[in-house]
Amino acid sequence: RQINSVEMEQRKGRRLVLFPLPLQGHINPMFDLANILHSRGFSITIIHTTFNSPNPSNYPHFTFRIISEDLPENNRCTKDLIAFVSMLNAICGPPFRDCLADLLSDSSEEPIACLISDAILYFTQDVANELKVPRMVLRTGAASSFCVFSSFPLLREKGYLPIQADSQLEEPIVELPPLRVKDLPVIHTNDPEDLYHVVVGMVEQSKASNGMIWNTFEELEGTSLATLHQKLGVPLFPIGPFHKCFAVTSSTTSSSLLTHDQSCISWLDKQDPKSVIYVSFGSLASISETQFLEIAWGLANSNQPFLWVVRPGLVHGSNWVEPLPNGFLETLGGKGHIVKRAPQQQVLAHPSVGAFWTHNGWNSTLESICEGVPMVCMPCFTDQKVNARYVSEVWGIGLQLEKELERGEIERTIKRLMVDKDGESIRERMLNLKEKSNLCLSESGSSKQALDSLVHHILSLES
Ligand code: UDP
């Protein structure tokens, strides 16, 4: 449906205040959403923390407000993610409240239609209630994993959580097929109670919001979205994939906290179509030196060219790629290229890329789906485990490495996915889903319609 000029006029002069969780996988979709809503006529103010602050000069069309959250030094690192987000929720309230109150009282700015904050920043719901501003939630993960989060009380009641012993891991969760105990979205943290509180806080305060915005699409997660709609009782707007609403370049690269290595693209240009396996485990996951070496030899032995993102700090105890044998890449004669950071969306869209070995962060999973690139799944923690299970067992668009990482298994999995007849059906399903991810953004597509509804919903919140 075309936006008519009266509506556009009505919308102008309305401001949205967006508050991202300051982690890369949450910042990217929040800025994409900001661009989408800006293109629909809203003015945008971003509130951000001093930790991982974005670069405002990349977004001259937005205004920015910083809050000084004053994180204790030992919590500035994100080694214990749950401790980090608990801390953010505990200490950001007062500075965030002051900042939002200040924006609300500023009569030189347009009136604020609503706050949109990350689901994990659940403390913002109380602030919004107190200041009488509607709050919409952005959930940057999948609807399917949120279904699992919303079942945490049940999982605890039935004895699946907290996971007590390794012997439990293969047990199926009959209430949430096809998940097994080992697919539950948990993460190591000093105090497992903290994880439970964060999850329950996120879910309960989402229920108390004016609605949730999702970076997913109906054709991919219709079943989980319907379940959530019933459970949460608030309107849901699946308007993704966000990053496909704009040409790959500006929005995505400028919300990156690190510089991308553009040598990836010229290296990919020299490879055969669909021959390259792209390997990246996102911005937080880490691996042991033994795992790192198994990956290196598995890649080398697979005989497929590989583009591998080794983030500084990825390997425990190493700065970068020091554990590799001397001359490792040279002996492969140009078959491998290692970088610290890749322009991932451009890489996945490159015709030379034939598979993605991923940790299944939701952004990476969705970016892979949008380019029709089948996945080797190696989830590390939280929702990545649910995503990997859906990729391999529900959507059938990838293979999960389940056992201890071992070079022979890696080699066989890569060949099966990329070359063998056996992997053909996976590759076909992936292309089919890519098609759907494109169609949902077309004029009559599901995400486009959900976006129209979202805009109406936001405007209806004001009075
Ligand atoms: N990313 C990138 N280059 C890299 C690694 C990651 O552009 O070398 C981007 C990737 O495209 C995705 C985001 O960083 O948008 C990572 O988010 P995801 O949810 O996949 O994982 P997380 O980093 O949150 O674990």
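Which of the 19 residues around the ligand come nearest? They're Gly25, Gly282, Gln344, Gly361 and Ser364, where near means a C-beta atom, placed from the backbone, within 6 Å of the molecule. Quick caveat: this is a predicted model, so local features need pLDDT of at least 70 and side-chain atom pairs count only at 80 or more, while totals for chains, interfaces and linings use all residues. Numbering runs from 1 along each chain as its sequence is written.

Staying with the ligand, helices H2 (24-39), H14 (344-349) and H15 (362-370) each supply at least two shell residues. Helices here are DSSP runs of H or I, at least four residues, and strands are E runs of at least two, numbered from the N terminus. H15 gives the most, with four residues.

Okay, on to H12. Its buried residues are Phe292, Ile295, Ala296, Gly298, Leu299 and Ser302; buried means 20 or more other C-beta atoms within 10 Å of the residue's own, again placed from the backbone. Just after H12, asparagine 303 takes a positive phi of about 70°.

Last up, strand E9. E9 pairs with E8 in the parallel sense over three bridges, and pairing takes at least two DSSP bridges. Tyrosine 278 stands opposite leucine 307 in E9.

Technical notes
Buried ≥ 20, exposed ≤ 12 C-beta atoms within 10 Å, placed from the backbone.
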